[in-house]
Amino acid sequence: DGAKTVIILHLGVNYRGKHFQLEECAYNDATFRVADERGYQPNRECILENNETATHKWGKCLHTTLDVHKLCTGLQKYDEAVSVSNDPGRFVCNYTYCLSLDRCNSTNKHNGGNDEMQQKPMTRALFIHVPPFTEVPEDRQLDFILKVMETVEQLL
C-alpha cells in the first residue's frame, strides 16, 4: 500500500500557555531575547544557510506538511483547549522546528525519485506547545499526546 509516513513530534513548554498550540510553521530567524542554557544568544541570524539546493532567506517561513487545521478540528472533539498557532516564538522551539521542517523537506525531496515499490517513508514534522503542568496536569497532557498520534494516523 505504498510507503508509511514518519512523524517527528516535538513538544515545548509555553510557560505562559493555558492550552495546547499546534504550530503551523517555523521561521529562519535565530533571535533570542535571552541566552539559552549554553549561553548562545543569536541576534537576527539565519538558522538555515543557503546551499546548492535551497535558498534560505532570513525570516523565511517553513510550513509543516501536516494539515494542522484538520488536526485541530479532530482534536477539539476530545479537548477544546487546542488551537493552531503560526508563531512558535523566536527561541529554542522555533530553532528546533525550523531545522526539523528543513530536514523533512530535504529528506522527502531525496526520497521522491524512487519507484513505488521502493518508495521511502514520507517524513513530516509537528511542533506542539504545551502548557505547564500547573495549568494542565501531566496525565492529561499524556492523554492529549496519544490523541494527537491517533488523530494524525486517521488523517493520513
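Select lysine 18 first: with a relative accessible area of 55%, this residue is exposed. The model on screen is a predicted one.

**Stop 1**

Now check the cover on the partner. Glutamate 135 has 36% relative accessibility, so it counts as partly exposed.

How many salt bridges does a search of the whole structure find? The search finds three. The other stops on this theme come next.

**Stop 2: the network around arginine 90**

Select Asp29, Asp87 and Arg90 together. A network of salt bridges links these residues.

Take aspartate 29 and arginine 90 to begin with. They form a salt bridge with the closest N and O atoms 3.4 Å apart.

Then move to aspartate 87. Its side chain meets that of arginine 90 in a salt bridge, at 3.1 Å from N to O.

Is aspartate 29 buried or exposed? Aspartate 29 counts as buried, because its relative accessibility is 10% and the cut-off for buried is under 20%. Arginine 90 is partly exposed, at 27% relative accessible area. Aspartate 87 also counts as partly exposed, with a value of 46%.

**Stop 3**

Step along to phenylalanine 91. This residue lies in the loop between strand 5 (82-85) and helix 2 (92-111). Its relative accessible area is 32%, so phenylalanine 91 is partly exposed.

Together with Phe91 they form a nonpolar patch on the surface. The accessible area of the three together is about 210 Å².

**Stop 3: the largest pocket**

The largest pocket holds about 430 Å³ of space. Which residues are closest to its centre? Of the 18 lining residues, they are Tyr15, Arg33, Pro88, Gly89 and Phe91. Strand 2 (20-23) and helix 2 are the elements that give two or more residues to this lining.

Colour the lining by residue type. Eight residues of the pocket lining are nonpolar, five are polar and five are charged.

**Stop 4: the largest cavity**

A search of the whole structure finds one cavity of 30 Å³ or more. The largest cavity contains about 40 Å³ of space.

Select its lining: His63, Thr64, Thr65, Leu101, Cys104, Asn105, Asn108, Thr123, Arg124 and Ala125. Helix 2 and strand 6 each supply at least two of the lining residues. Which element gives the most to the lining of the largest cavity? Helix 2 does, with four residues. By type, the cavity lining has three nonpolar residues, six polar and one charged.

**Stop 5: arginine 44**

Select arginine 44 and look at the backbone. Arginine 44 is not a glycine, yet it has a positive phi of about 55 degrees. Look for this residue in the loop between strand 3 and strand 4. Arginine 44 is exposed, with a relative accessible area of 55%.

**Stop 6: aspartate 143**

Finish on aspartate 143, in helix 3. Aspartate 143 is partly exposed, at 48% relative accessible area. Draw a distance from its C-alpha atom to that of tyrosine 27. The two C-alpha atoms are separated by 29 Å. Along the chain, aspartate 143 and tyrosine 27 are 116 residues apart.

Note on methods
Residues are numbered from 1 along each chain as its sequence is written. This is a predicted model: local features need pLDDT of at least 70, side-chain atom pairs count only at pLDDT 80 or more; totals for chains, interfaces and linings use all residues. Side-chain values use heavy atoms; hydrogens and water are left out. Patches are made of residues with over 30% relative accessible area and no salt bridge: like charges are joined within 9 Å, nonpolar side chains (Val, Leu, Ile, Met, Phe, Trp, Tyr) within 5 Å. Accessible areas come from the Shrake-Rupley method with a 1.4 Å probe; for residues, only the protein chains shown count as cover. A salt bridge is a side-chain nitrogen of Lys or Arg within 4 Å of a carboxyl oxygen of Asp or Glu. Buried means under 20% relative accessible area, exposed over 50%, partly exposed in between (1.4 Å probe, protein chains only). On a 1 Å grid over the protein atoms alone, a cavity is a set of points where a 1.4 Å probe fits but cannot get out, and a pocket is an open set with protein on both sides within 12 Å along at least five of seven lines; lining residues have an atom within 4 Å of a point. Grid points are joined across faces, edges and corners, and a volume is the space filled by probe spheres set on the points. Ala, Val, Leu, Ile, Met, Phe, Trp, Tyr, Cys and Pro count as nonpolar, Asp, Glu, Lys and Arg as charged, and the others, Gly among them, as polar.
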